[in-house]
Amino acid sequence: MRPVTTSRTSLPLWIIALIVFGVLAILGITIGLLVHFLAVEKMVYYYQGSFKVLDIPYNRNYERETSPENNYVSKILETKMVDAFQRSSIYRQYINSQVITLVPESNSMTAHIWLVFKASRSMKENTRRRIESILRDMLSDHSGSLTTEPNSLKLVEISKANAEKIINNRCGRRARMSATYDRVKGGSSAREGEWPWQASLKINGQHYCGASLISDRYLVTAAHCFQKTLNPKNYTISFGTRVTPPYMQHYVQRITIHEDYIPGEHHDDIAVVLLTEKVLFRNDVHRVCLPEATQVFPPGEGVVVTGWGALSYNGKYPELLQKAPVKIIDTNACNSWEAYNGLIQDTMLCAGYMEGNIDACQGDSGGPLVYPNSRNIWYLVGIVSWGVDCGKINKPGVYMRVTAYRNWIASKTGI
Ligand code: 4AZ
């Protein structure tokens, strides 16, 4: 028999090369993706925690979110936390830390805190342990004025949704905004969620006035916004940065106008509005803080007025919410002969610039004038009320002074 030379059917070299190349490529991409997801890509993690502050005489004011006592202790603790994290090895992962509530006990109090960090997936557990140990060290350090108990520290990771719910239920805070704000007439457009308490009061669907959300059912605005009609059915309220289309539209159940307000006059130009349904707080819609009646906002303080009012007197209206940085003006200066010549009562407040230019205008009425305290928590200090023209020299905007009406607001709303 003739031997048969069986030439093994081998694949051509180029196909083998292609297969090897393909396998290597898939392997490379897989490893690359794994490394990216586990080590490179930074995720945001949220934490909730608590610890004890010792040797504090019981005082129920600590519990009230806008009390000077609460702000004083919270500010100290927040400064301690920022310092500790920024001096730590994970300073690059640190995003935010805040005191949420203080719960006073007989001779101590519990501080509830809220933290945000970024970390890669693979470093997640490690980061949590580092945060815990940095906080524990901070609590053991008693060089400051407060005694804190390191063994009382609790820290757990929470979901983004829960973290946002916690912040959005507090007054005057902004979930995503950075601590700085860059700086109506002479204003600039607001970013989404920058002024989450700003509302538009509409008559038959048309923007008519501004208003501020002070709880999940109440707003404050100006009394003169109800001159056309007192029927709640004619009004709607919307939020967000645009007036049209209305975002998160609500209906009005009751309008309460200050009993001493007289149409055509400027004093007691304040009203509260009760909505038919609760507002579901979100990042871009939640309440502003009301100052205590005794709080003082001295002349020269920087404040911000926001609204969809005219960009100049009898001028165009903006599509987007506008913000204008202004300053509180001394009432005596505002009552000078060149300015308002004695028309400013002590229940009113002037804000803007004697040089003019930056000011509230028609359609901003009822809207907020807000002040950020040292913890960057925003307080309603004024309600846009009146003024001569807009942005004119020696004619700054005039606002209702919210501290003067703090008790009136409480009597009408229970807030
Ligand atoms: C208004 O007519 C109005 N420049 C509001 C504020 C100011 C002036 C007028 C302040 O609603």
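Mentor: Residues 178-183 keep a pLDDT under 50 (pLDDT is the predictor's confidence in each residue, from 0 to 100), and the model has 12 contacts for this stretch beyond four places in sequence (a contact means heavy atoms within 4.5 Å). Where pLDDT is low, the predicted coordinates should not be read in detail. The mean pLDDT of the protein chain is 94, with 96% of its residues at 70 or more.

This is a predicted model, in which local features need pLDDT of at least 70 and side-chain atom pairs count only at pLDDT 80 or more, while totals for chains, interfaces and linings use all residues. Residues are numbered from 1 along each chain as its sequence is written, and side-chain values use heavy atoms, with hydrogens and water left out.

The assignment divides the protein chain into domain 1 (41-168), domain 2 (196-275) and domain 3 (302-413); such bounds come from an automatic or database domain assignment. The centres of domain 1 and domain 2, taken over C-alpha atoms, are 38 Å apart.

Helices (H or I, at least four residues) and strands (E, at least two) are DSSP runs, numbered from the N terminus. Two strands count as paired if DSSP finds at least two bridges between them. Strand 11 pairs with strand 8 over 4 bridges and with strand 10 over 5 bridges, both in the antiparallel sense. Valine 273 is the bridge partner of leucine 219 and also of isoleucine 255.

Is strand 11 enclosed or open? Because 5 of its 5 residues are buried, strand 11 is largely enclosed by the rest of the structure (buried means under 20% relative accessible area, exposed over 50%, partly exposed in between, with a 1.4 Å probe and protein chains only). Ala271, Val273 and Leu275 point one way, Val272 and Leu274 the other. In a regular strand the side chains alternate between the two faces of the sheet.

Next comes the core. The largest nonpolar core has 53 residues, of which Leu219 and Phe239 touch the most other members (a nonpolar core is a set of buried Ala, Val, Leu, Ile, Met, Phe, Trp, Tyr and Cys residues joined through side-chain atoms within 4.5 Å). Strand 11 (residues 271-275) gives the most to this core, with 5 residues. Domain 2 and domain 3 each supply at least three residues to the core. Beyond four places in sequence, the contacts of leucine 219 include Phe239, Ala271, Val272, Val273 and Leu275. Strand 8, where leucine 219 is also the bridge partner of leucine 213, has the highest mean pLDDT among the elements, 99.

For contrast, leucine 230 sits in the loop between strand 8 and strand 9. At 55% relative accessibility, leucine 230 counts as exposed, although it touches Ile255 and Ile257, residues up to four places away in sequence not being counted.
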